[in-house]
Amino acid sequence: MRGIADYEFIRPLGSGNHGQYFLARRPARLPVEAAEVAVKVLAAESTEVAFRRATRELRAFAAVRSPYLVAPYDAGQQDGIFYYSTEYLPGGSLAVPAAPLDRPAALRAVAHAARAVAALHAAGVVHRDVKPGNVLLHEGGARLSDLGLAHVFAEGVTITGMGALDSVEYVDPALLLGERPQPSHDVWSLGVLLHRVVAGTGIYGTLPEGDGLLVLRRVVSMPPKLSAELPEALAALVRECLAPAADRPAAPALADRVDRFAEGAS
Amino acid sequence: MRQPDRNAPFEAVLLVPGAADAPTEVAPRNEPTRLLVEGVHCANGHFNDPAVPYCQLCGISMAQRTHVTVLGPRPPLGVLLVDDGATFRLDADYVVGREPHRDPAVAHGARPLRIAGPASGVSRQHLRMTLAGWTVRAVDLGSANGTVVEPPGDPHPWRLQPGVPVEIRPGTRLVFGLRWLRYESHRNP
């Protein structure tokens, strides 16, 4: 893809579970300073109703001011294809960092993601899609990107099948089984994220690659198991995030505790 | 992925703070109204189908509970898992097909579940999944190629009779054309 609307793409940045990202030149009409922006193009067909809902959700996201959230710039559609643009962070993501991360830096990134989630929750927004690929890195830490918008384009959808289903292992199984999105679901995802950056593995062991349905079944049917690599204090915190919804820590408290680990580890 | 026609007109909405756009209207989300059903609460307060012996959320035995049913909002009955890996929450009816939004049921609250990608043998409105009390039903909408029901552990698949809703159990696979979906749930025995 060479571009969309008045964005000219420079190169692809990768694909998520419901679209593709590109690095693009900033169109003159955007009132921001950066020369380059990130553009996400969604795979789902855009309709008038979906477009209105998507821009409404993005506006709600954009209204949350936090230094830990990626700043959205613009949303639009052309020829039935929906896109939105955000600031571009060159440090890669927790999934594919541009430079290797040490443990304190990785923990700091998780803490920043938790602060971003806290800011969203305070504004009544549930993120729904906290995973390594959405924690974008920059020199001072990390910012959380990409509000899950899949449900906007296919009403009632809890996860979409496009892409590698890479995010399933971060999703609270209760959500997969039909619960409405709640803040506690984001805390579960942050717990799995914390486990991933410290232990290097997920909470379901090694999941079969390329077979989304098997992964889904495993996640829904298997109780999570924490890695023995995890220091006990961190394991205890992860366990709290995976506890029954009412017993999970709130995002701000979680951020503080992860920050303390980051300081202790550095 | 499809390429946009770059010559087509586009519309864009600025999300930058301070942009001259209208403020975010807090429009109500298009959530289905939750139907009330008869159910019982387990010792931990989870609302259950009166027919189940164990709480379907926490697994606690329901045997000790006095089986006085109460009316409560129906929780989601599980999900529909489509062969491309997408899952859809069963808290509303769904019309499944290549152009499901054209079905009149969609105007009355059913959700369109569009089968994207290769859809050989899939009709525009192929089948409808409906919730009835604590059960899930499938009805073929007079599709050209029909709908095959494969109950879990049953080697004998059978065809839905067009227009006749049939209750399906969790784990049942419904095959339509070259595509399929499965009803997954931790609820219901």
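**Close-up 1. Ser189(A) has its place in helix 5 of chain A.** In this predicted model, Ser189(A) has a relative accessibility of 6%, so it counts as buried. Look for its side chain, which reaches the backbone oxygen of Tyr170(A) at 2.7 Å. Beyond its neighbours within four places in sequence, Ser189(A) is in contact with Val130(A), Tyr170(A) and Val171(A).

**Close-up 2. Helix 5 of chain A is mostly covered.** Of the 17 residues in this helix, 14 are buried. At 1.5 Å a residue, helix 5 of chain A should span 24 Å, and its end C-alpha atoms are 25 Å apart, which agrees.

**Close-up 3. The largest nonpolar core has 55 residues.** Val135(A), Leu190(A), Leu193(A), Leu194(A), Leu230(A) and Val258(A) have the most contacts inside this core. Several elements of chain A each supply at least two of its residues, including strand 7 (135-138), strand 8 (141-144), helix 5 (183-199) and helix 8 (251-265). Helix 2 of chain A gives the largest share, eleven residues. Domain 1 (3-87) and domain 2 (103-265) of chain A each contribute at least three residues to this core.

**Close-up 4. Here we turn to Leu230(A), one of the residues with the most contacts inside the largest core.** Setting aside neighbours within four places in sequence, Leu230(A) is in contact with His195(A), Val198(A), Ala199(A), Ala235(A) and Val238(A).

**Close-up 5. Another core, of 27 residues, lies apart from the largest one.** Among its members are Leu90(B), Leu127(B), Ile168(B) and Leu181(B).

Note on methods: Residues are numbered from 1 along each chain as its sequence is written. Chains are lettered from A and ligands numbered from 1 in the order in which they are written. This is a predicted model: local features need pLDDT of at least 70, side-chain atom pairs count only at pLDDT 80 or more; totals for chains, interfaces and linings use all residues. Side-chain values use heavy atoms; hydrogens and water are left out. A nonpolar core is a set of buried Ala, Val, Leu, Ile, Met, Phe, Trp, Tyr and Cys residues joined through side-chain atoms within 4.5 Å. Buried means under 20% relative accessible area, exposed over 50%, partly exposed in between (1.4 Å probe, protein chains only). Helices (H or I, at least four residues) and strands (E, at least two) are DSSP runs, numbered from the N terminus. Domain bounds come from an automatic or database domain assignment. Contact means heavy atoms within 4.5 Å. The expected span of a helix is 1.5 Å times one less than its number of residues. A polar contact is a pair of N or O atoms within 3.5 Å; within protein, one must be able to donate a hydrogen and the other to accept it, and residues adjacent in sequence count only if both atoms are side-chain atoms.
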